[in-house]
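Subject: Structure handover and notes

Hello,

Here is the structure for your files. My notes on it follow directly below.

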Amino acid sequence: MNGEGSSIDFTGKVALVTGGGSGIGAATCRRLAAAGARVVVADCNAAQAEAVARDLSGATAIAVDVSDAAACEAMVETIRARYGRLDAAFNNAGITEVTALRGEPLPETHVLPLDVWRRVLAVDLDGVFHCLRAEIPLILATGGGAIVNTTSLQAHISYPRTAAYTAAKHGVLGLTRTVAKEYGDQGLRCNAVSPGVVDTPLTAGVIHAEEYRDMLLAPIPLKRFATPDDIAKAALWLLSDQSAYINGAVIAADGGYLA
Ligand SMILES: NC(=O)c1ccc[n+]([C@@H]2O[C@H](COP(=O)([O-])OP(=O)(O)OC[C@H]3O[C@@H](n4cnc5c(N)ncnc54)[C@H](O)[C@@H]3O)[C@@H](O)[C@H]2O)c1
């Protein structure tokens, strides 16, 4: 082996990352740009998306709320107009019940407010669907590419008081498998990355709290939380040609939690 073709190279490719303004998404934008991609940093927080894009060569920012189907169509239309292609898409934007409840204690299923259920499903499940239906035609138009959706440990297991997030992430896994079956013959692969407990703004309030930290670390064989870049590296590989025969898979990047 001379190593030929064994590096990750996105030269000439256009990559979209939703939730690109923070955490896992921002780390993935940085990895994609470093590998030569022209990166579209999409986020509902326009200032954060712009801040990430500003530091990356060839990157642009788009403000989008993925729970809005028309906004997702407009986002991809902007990409079509600007670049004429889309090679890689990381559907990663997400929230939890904690976000939707704005710090209120997490309720059990029978008292979960309907608006919280609907908001978490609207962003975490509908949002992925909205992005997929907008992205797929543009990816197919140039002969295919790769999509990665962010699931979670909670696509496989649950914690009490997380009904909406758990349902949404199980749903994203199902969507991933369906897309993998529908478009594989047209050169479009679709996979999922399943992060364990990652140190990002989404979890900061919980994982560093004294009462949760040890309990959350206990089931992780690697005995540390993931960094955003740990997950970005897995996503980058799934988006790249290095995973050319991986389709419909879910890669757990969880330090061995599910094992
Ligand atoms: N942090 C973890 O422990 C963990 C574990 C498993 C899965 N995940 C998943 O990883 C993904 C990224 O999470 P993170 O930890 O990097 O969180 P984060 O809060 O750091 O980043 C999420 C980004 O998504 C954006 N966003 C939220 N709602 C949006 C919407 N409606 N439209 C567009 N953008 C929106 C936010 O503005 C933010 O920039 C999420 O799907 C999350 O469920 C995270």
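A residue is called buried under 20% relative accessible area, exposed over 50%, and partly exposed in between, with a 1.4 Å probe and protein chains only as cover. Arginine 161 has a relative accessible area of 39%, so it is partly exposed.

This is a predicted model: local features need pLDDT of at least 70, side-chain atom pairs count only at pLDDT 80 or more, and totals for chains, interfaces and linings use all residues. Residues are numbered from 1 along each chain as its sequence is written, and side-chain values use heavy atoms, with hydrogens and water left out.

Helices and strands below are DSSP runs numbered from the N terminus (helices H or I, at least four residues; strands E, at least two).

Salt bridges

The criterion for a salt bridge is a side-chain nitrogen of Lys or Arg within 4 Å of a carboxyl oxygen of Asp or Glu. In general, side chains of opposite charge can pair when their charged atoms come close. By the 4 Å rule there are 8 salt bridges. Here are notes on some of them.

- Arginine 31 and aspartate 229 form a salt bridge, at 2.7 Å from N to O. This pair links distant parts of the chain, with arginine 31 in helix α1 and aspartate 229 in helix α9, 198 residues apart. Aspartate 229 is partly exposed because its relative accessible area is 25%, and arginine 31 counts as partly exposed at 32%.
- Glutamate 108 and arginine 161 form another salt bridge, with the closest N and O atoms 3.9 Å apart. Glutamate 108 sits in the loop between α4 and α5, and arginine 161 in the loop between β5 and α6, so the pair ties together parts that are 53 residues apart in sequence. Glutamate 108 is partly exposed, at 41% relative accessibility.
- Aspartate 230 and arginine 224 also meet in a salt bridge, again given from N to O, at 2.7 Å. Both ends are partly exposed: aspartate 230 has a relative accessible area of 23%, and arginine 224 has 40%.

Helix packing

For the angles, axes are lines fitted to C-alpha atoms, for helices over the stretch in contact, and angles run from 0 to 180 degrees between N-to-C directions. Angles under 35 degrees count as roughly parallel, over 145 as roughly antiparallel, 65 to 115 as roughly perpendicular, and the rest as oblique. A crossing is right-handed if the near helix is turned clockwise from the far one by less than a right angle, and left-handed if anticlockwise.

Helix α1 (residues 23-34) packs against helix α9 (residues 228-239) at an angle of about 55°, with the axes 8 Å apart. That angle makes α1 oblique to α9, and the crossing of the two is right-handed.

Helix α3 (residues 69-83) and α5 pack at about 25°, with their axes 8 Å apart. The two helices are therefore roughly parallel to each other. The crossing of α3 past α5 is right-handed.

Backbone

Arginine 161 lies in the loop between β5 (145-150) and α6 (163-183). Lysine 223 likewise has a positive phi in a residue other than glycine, near 60°. Lysine 223 is in the loop between α8 (210-217) and α9.

Nonpolar patch

Val98, Leu106, Val206, Tyr212 and Met215 make a nonpolar surface patch of about 380 Å². Patches are made of residues with over 30% relative accessible area and no salt bridge; like charges are joined within 9 Å, and nonpolar side chains (Val, Leu, Ile, Met, Phe, Trp, Tyr) within 5 Å. The areas come from the Shrake-Rupley method with a 1.4 Å probe, and for residues only the protein chains shown count as cover. Leucine 106 is in the loop between α4 (97-101) and α5 (114-141), and counts as partly exposed at 30% relative accessibility.

Two C-alpha distances

Glutamate 50 and leucine 121 are 71 residues apart in sequence and 26 Å apart in space, C-alpha to C-alpha. Glutamate 50 is found in helix α2 (residues 46-54).

Regards
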